[in-house]
Amino acid sequence: MPYKLSASLIAHSSDVRALSSPTNDLILSASRDATAILWQKASPDAPFASASVLRAGSRYVNSVAYIAPTSDAPKGYAVTGGQDTVINVFRLDAPRHGPDFSLLGHTENVCALDVTSGGTIISGSWDRTAKVWKNFALAYDLTGHQQSVWAVLAVDEDQYLTGSADKTIKLWQQHKAVHTYEGHRDAVRGLAVVPEVGFASCSNDSEIRVWTFGGDLVYTLSGHTSFVYSLSVLPTGDIVSGGEDRTVRIWRDGECMQTLVHPAISVWAVSSMPNGDIVSGCSDGVVRVFSLSEERWASDADLKEYDEKVASTALPSQQVGDIKKSDLPGPEALNVPGKKPGEVKMIRNGSIVEAHQWDSAINSWQKIGDVVDAVGQGRKQLYQGKEYDYVFDVDIEDGVPPLKLPYNVTENPFSAAQKFLESNDLPLTYIDEVVKFIEKNTAGASIGTGSEEYVDPYTGASRYRSATSPPSGSASNYQDPYTGASRYTATTTSPPPAVASQYMDPFTGASRYSGAPQPLAPVVAAKILPLEKFITFKQANVSAMQGKLQQFDEALRNEISTSSLALYPDEVTRIEEAFDYLNAATATPPRQPTVILTAAHVETIIQVLERWPSLQRFPVIDLSRLVTGFAPEALEVPGLKEKFVEALFAASEWSASWSLPLPKPKETNILLLFRTLTNVFQEKISLSGTWNRKVLEYLGQVPYSSLNKNHRIALTTILFNASCVALRTPVEKAFSDQLIILILQILESENTDSEATYRALVGLGNLIYASKVQKLPSICQSGEIMTRVQTLTTTFPEERVKNITQEIVVLVS
């Protein structure tokens with residue numbers, strides 16, 4: 001007897017993200033509509049109905065669990081968790097407007113919950129921890145995962161399993177990790193106990209694995225075609241799974257026995273009842289119950305309506321593979337039985353491509369939808385442990401890692417573009433180009449037949465449509481250095497917005513985005529000079545940087561020829577202290593570091609830079625960038641900056657050949673050197689000593705034509721920051737003159753990149769302004785300044801270049 005639809009429970013207005021069905025008469029569902037709902041039957045033969053709506057705030061509710069009845073709560077408790085980071089507990093016998101208990105401790109989204117038979121709660125969060133709560137108070141912190149904890153499972157009162165985006169599963173005895181299970185190739189999303197065997201896990205790698213608690217892999221279940229989000233085990237021992245391919249699958253003895261296709265984008269959650277019924281929660285906001293028992297099946301009319309909904313669904317072509325319509329068979333192919341449950345066959349029915357799936361329970365092909373082309377990827381993507389509809393790999397030059405651009409369809413593309421630019425230290429002038437790129441590449445498949453398009457408010461799959469979408473310009477190149485300073489540019493300079501904005505960023509010249517049309521009016525350019533807001537390069541994935549450095553150290557240590565180059569014990573200690581400091585400084589919100597970085601830590605970095613081979617130096621130079629950015633006081637020891645600067649230039653092979661193409665290690669190391677020096681020139685930096693003149697002397701030696709665009713922007717940012725120092729505190733005229741000469745050399749050489757030109761011009765303007773205010777002797781080469789800046793507007797006709805050159809001319813005159 002096959003499973004068939006028993007009931008559709010409709011009340012949620014958004015994704016049903018989590019379920020619990022502890023009895024045959026009770027279901028708890030959690031949704032991104034910011035509610036959890038208690039569904040109950042008034043009698044065994046009555047239908048499920050919404051008995052209570054549980055609400056604790058306005059953020060998404062992403063997890064739910066059930067605590068069995070106690071003397072204090074004769075109907076038990078509902079436990080919910082979500083984006084507000086709070087775990088809320090509600091009594092079900094007398095639900096109030098708010099929770100009876102609120103458990104505080106997590107710092108990010110609570111995405112997983114489970115409860116033991118004794119009422120102990122275990123929670124998992126994007127903050128990379130799981131927590132155990134006894135008597136509604138924190139008992140243990142389970143720390144050890146490197147990414148979000150997406151799945152938790154209570155084995156008994158003192159043993160717990162956790163699954164993470166770091167691809168591992170951990171078994172805990174109270175607060176101690178006693179075993180780590182490795183094997184999944186992507187984030188672990190669900191866990192379930194398999195009686196007399198061990199447990200099962202599911203993952204974004206589309207596989208289900210069954211393990212013994214000792215760590216042996218019993219078998220792997222393959223059949224899902226995308227992420228597998230949730231698992232449950234039936235009273236018979238059969239396994240139930242749900243995932244992004246919009247199916248619920250029932251598995252027995254390693255084989256898929258039945259596939260239940262849903263008329264939705266995602267099956268987020270599955271749960272099983274004591275009577276063997278299956279409950280699913282989907283992206284369409286509907287809770288569905290499926291049953292083996294014929295007396296609990298829905299009416300024939302409801303079953304027919306459900307099948308029609310499934311058949312009318314539009315499937316993205318990515319979900320079923322590459323399609324060549326001319327090679328597809330006609331409807332006669334459906335006369336041949338399928339070879340296995342869940343097998344998908346595509347046929348050509350006139351001009352339409354239909355997808356049919358073999359249902360072994362009824363020995364027939366069932367239509368599951370029409371196949372449509374879709375630009376999107378057809379599945380959720382994980383980036384830094386979190387879900388996105390799209391994570392674009394931006395193609396860059398050979399040998400350079402691609403830049404990641406994450407995007408959710410419900411985001412305003414302008415907001416997403418702004419975050420992308422800001423997180424990668426890029427000018428906001430490119431925001432329109434990034435928006436065009438996003439809009440061009442995020443067309444999705446429509447699900448359902450109605451005219452109203454469903455949009456997942458969190459990670460759902462639905463395309464963004466602006467009111468009017470301008471045609472995309474031809475895309476050009478992304479440039480991406482090691483830590484992500486790249487930018488999107490078009491083959492031609494973007495025209496200024498047709499609608500004038502009343503605001504202009506004084507540095508980038510970017511106008512703020514406004515969705516509503518503004519009346520055309522003359523715009524008076526904002527005064528740019530003086531501009532003394534320092535630019536820093538502080539963005540980083542500290543754990544990834546630390547892992548790479550440790551990997552290189554291990555490789556050096558394990559080779560006889562290079563073992564002497566590996567870190568010494570005291571160096572290991574100081575490097576680990578530096579990373580601990582940076583992990584605290586870059587946390588959200590920042591934490592108080594347990595150690596203060598000192599000159600000893602900088603000395604250690606210098607020693608490693610001087611000793612390690614060129615190919616392995618880049619994480620050490622990048623560590624220098626963050627230390628100067630977050631702990632500049634560590635450099636404030638007489639003579640240390642001079643030593644530090646010399647080590648950085650030597651490590652970057654500054655004196656080696658600059659002929660093109662540059663070796664990749666040198667190209668990367670030079671970029672990181674420039675970013676480190678940008679961070680050195682900060683607000684409270686002391687210019688005492690000779691180090692600052694030495695920096696300018698070295699920079700003046702570089703053949704500018706050998707630098708790529710990112711090098712040039714980083715280089716001119718150093719000079720801009722140095723000009724900001726001159727605005728804040730008087731500097732020696734020799735330093736100011738040397739800086740001006742270097743800027744003029746760049747302005748003479750630069751004829752393609754307007755951003756580098758603009759930064760150099762603002763730096764030049766700052767220096768001239770500072771000399772006027774501080775009544776210094778006349779600026780050097782004032783005649784050359786006039787000649788050079790007045791010719792730039794021909795090469796770079798942008799309004800911002802015109803405005804800054806006009807201000808400089810007025811200052812020099």
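**Helix packing, cavities and backbone**

Helix H11 (residues 691-699) packs against helix H13 (residues 733-749) at an angle of about 20 degrees, and their axes are 10 Å apart. This is a predicted model. Angles under 35 degrees count as roughly parallel, and H11 and H13 are therefore roughly parallel to each other. Their crossing is left-handed. On the H11 side the contact is made by Asn692, Arg693, Leu696, Glu697 and Leu699, and on the H13 side by Ala734, Phe735, Gln738, Leu739 and Leu742. Sorted by class, this contact of H11 with H13 has six nonpolar, two polar and two charged residues.

The next pair is helix H10 (residues 664-680) and helix H12 (residues 709-728), whose axes come within 8 Å and cross at roughly 20 degrees. H10 and H12 are therefore also described as roughly parallel to each other. The crossing of H10 and H12 is left-handed. From H10, the residues Glu667, Ile670, Leu671, Phe674, Arg675, Leu677 and Thr678 meet Asn710, His711, Ala714, Leu715, Thr717, Ile718 and Asn721 from H12. Seven of the residues in the contact of H10 with H12 are nonpolar, five are polar and two are charged.

A third pair has another orientation. Helix H15 (residues 782-795) and helix H16 (residues 799-812) have axes that come within 9 Å and cross at roughly 160 degrees. Because angles over 145 degrees count as roughly antiparallel, H15 is roughly antiparallel to H16. H15 passes H16 in a left-handed crossing. H15 contributes Ser782, Ile785, Met786, Val789, Gln790 and Thr793 to the contact, while H16 contributes Val801, Lys802, Thr805, Ile808, Val809 and Val812. The contact of H15 with H16 comprises seven nonpolar, four polar and one charged residues.

Next come the cavities. The count comes to eight cavities of 30 Å³ or more. The second largest cavity holds about 110 Å³ of space. It is lined by 17 residues, of which Ala56, Val61, Thr80, Asp84 and Asn88 are the closest to its centre. Which strands each supply at least two residues of this lining? They are strand S7 (77-82) and strand S8 (87-91). S7 gives the most to the lining of the second largest cavity, with three residues. By class, the lining of this cavity has eight nonpolar, six polar and three charged residues.

The backbone has some particular positions to look at. The peptide bond from Leu529 to Pro530 is cis, and its omega is near -5 degrees. Pro530 sits in the loop between strand S38 (488-490) and helix H5 (542-557). Leu660 and Pro661 are also joined by a cis peptide bond, with omega about -5 degrees. Pro661 is placed in the loop between helix H9 (640-651) and H10, and H10 is the helix whose axis comes within 8 Å of that of H12.

A further position concerns phi. Arg128 has a phi near 75 degrees, which is a positive value in a residue other than glycine. Arg128 belongs to the loop between strand S11 (121-125) and strand S12 (129-134).

Notes. Residues numbered from 1 in each chain as written. Predicted model: local features only at pLDDT ≥ 70, side-chain atom pairs only at ≥ 80, totals over all residues. Heavy atoms only, no water. 1 Å grid on protein atoms, 1.4 Å probe; cavity = no way out; pocket = protein on both sides within 12 Å on 5 of 7 lines; lining within 4 Å. Points joined across faces, edges and corners; volume = space filled by probe spheres on them. Helix = DSSP H or I, 4+ residues; strand = E, 2+ residues; numbered from the N terminus. Nonpolar A, V, L, I, M, F, W, Y, C, P; charged D, E, K, R; others polar. Axes fitted to C-alpha atoms, helices over the stretch in contact; angles between N-to-C directions. Parallel < 35°, antiparallel > 145°, perpendicular 65-115°, else oblique. Left-handed = near helix turned anticlockwise from the far one by under 90°. Contact = heavy atoms within 4.5 Å.
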